[in-house]
Amino acid sequence: MEGKFYLVREDVLPEAVRKTLDAKELLESGEAQSIADATQKVDLSRSAYYKYKDTVFPFHTIVKEKIISLFFYLEDRSGTLSQLLSVVASTGCNVLTIHQTIPLRGKANVTLSLNTSGMTEEVTDLLTKLRKLEFVDKVEILGTGA
């Protein structure tokens, strides 16, 4: 899913989006032990949480974050990981970890953790470049960290 990012004042956000942010905060702080627990505490359906969880972030976390984890669903072809890493390196990201599953039915899952402090472009631009690679079926942001 491609898209631009916007800074939006909290009071204009739909209730489900605000509650998703509250649930994520409960999970991060340890006040909730599971997604079911967090969504129950903020009176939000789990389906609404899953709909918004990877698309809304508190502004302070986006400003501070320097590490991003990306999930890929790739076709199993020779050289795909090398090409993927080349695109990542061209943006100034430093690869911290790589995890790849054994290919099944011609597809493999890859998770990359990247240090973005040296990035020369926006994360959205990197995601656009990665999605354009012919062997990439899916790219998602799994999470961010300091």
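Which residue forms a salt bridge with Asp43, and how far apart are the closest N and O atoms? Hi everyone, let me start there. The partner is Lys19, and the closest N and O atoms are 3.8 Å apart. By salt bridge I mean a side-chain nitrogen of Lys or Arg within 4 Å of a carboxyl oxygen of Asp or Glu.

Before I go on, a word on the source. What you see is a predicted model, where local features need pLDDT of at least 70, side-chain atom pairs count only at pLDDT 80 or more, and totals for chains, interfaces and linings use all residues. Residues are numbered from 1 along each chain as its sequence is written, and side-chain values use heavy atoms, with hydrogens and water left out.

Back to our pair. Helices here are DSSP runs of H or I with at least four residues, strands are runs of E with at least two, and both are numbered from the N terminus. For burial, I call a residue buried under 20% relative accessible area, exposed over 50%, and partly exposed in between, with a 1.4 Å probe and protein chains only. Asp43 is exposed at 62%, while Lys19 is buried at 16%. Glu15 joins in too: Glu15, Lys19 and Asp43 are linked in a network of salt bridges.

Asp43 has a backbone point as well. Its phi is near 60°, a positive value in a residue other than glycine. Arg105 is another non-glycine residue with a positive phi, about 55°. You will find Arg105 in the loop between β2 (94-100) and β3 (107-115), and with 87% relative accessibility it counts as exposed.

How many salt bridges does a search of the whole structure find? The search finds ten. Among them is Arg9 with Asp11, where the closest N and O atoms are 2.6 Å apart; both of these residues are exposed. Another joins Asp54 to Lys53 at 3.1 Å. Asp54 is partly exposed at 32%, and so is Lys53 at 22%.

Now the aromatics. A pair of aromatic rings is described by the distance of the centres and the angle of the planes. The rule takes rings of Phe, Tyr and Trp (its six-membered ring) with centres within 6.5 Å; planes under 30 degrees apart are stacked, over 60 edge-to-face, and the rest tilted. By this rule the count is one aromatic pair. The rings of Tyr49 and Tyr50 have centres 5.6 Å apart and planes at 80°, so the pair is edge-to-face. Tyr49 is buried at 6%, whereas Tyr50 is partly exposed at 45%.

Finally, the surface. Patches take residues with over 30% relative accessible area and no salt bridge, joining like charges within 9 Å and nonpolar side chains (Val, Leu, Ile, Met, Phe, Trp, Tyr) within 5 Å. Tyr6, Val8 and Val12 make a nonpolar patch of about 340 Å². Tyr6 sits in the segment before α1 (15-29) and is exposed at 66%. There is also a negative patch, formed by Glu10, Asp22, Glu25, Glu28 and Glu31. Of these, Asp22 lies in helix α1 and is partly exposed, with a relative accessible area of 36%. Thanks, and I'm happy to take questions!

Methods: Accessible areas come from the Shrake-Rupley method with a 1.4 Å probe; for residues, only the protein chains shown count as cover. Lys and Arg count as positive and Asp and Glu as negative; His and the chain ends are not counted. The place of a charge is taken as NZ of Lys, CZ of Arg, CG of Asp or CD of Glu.
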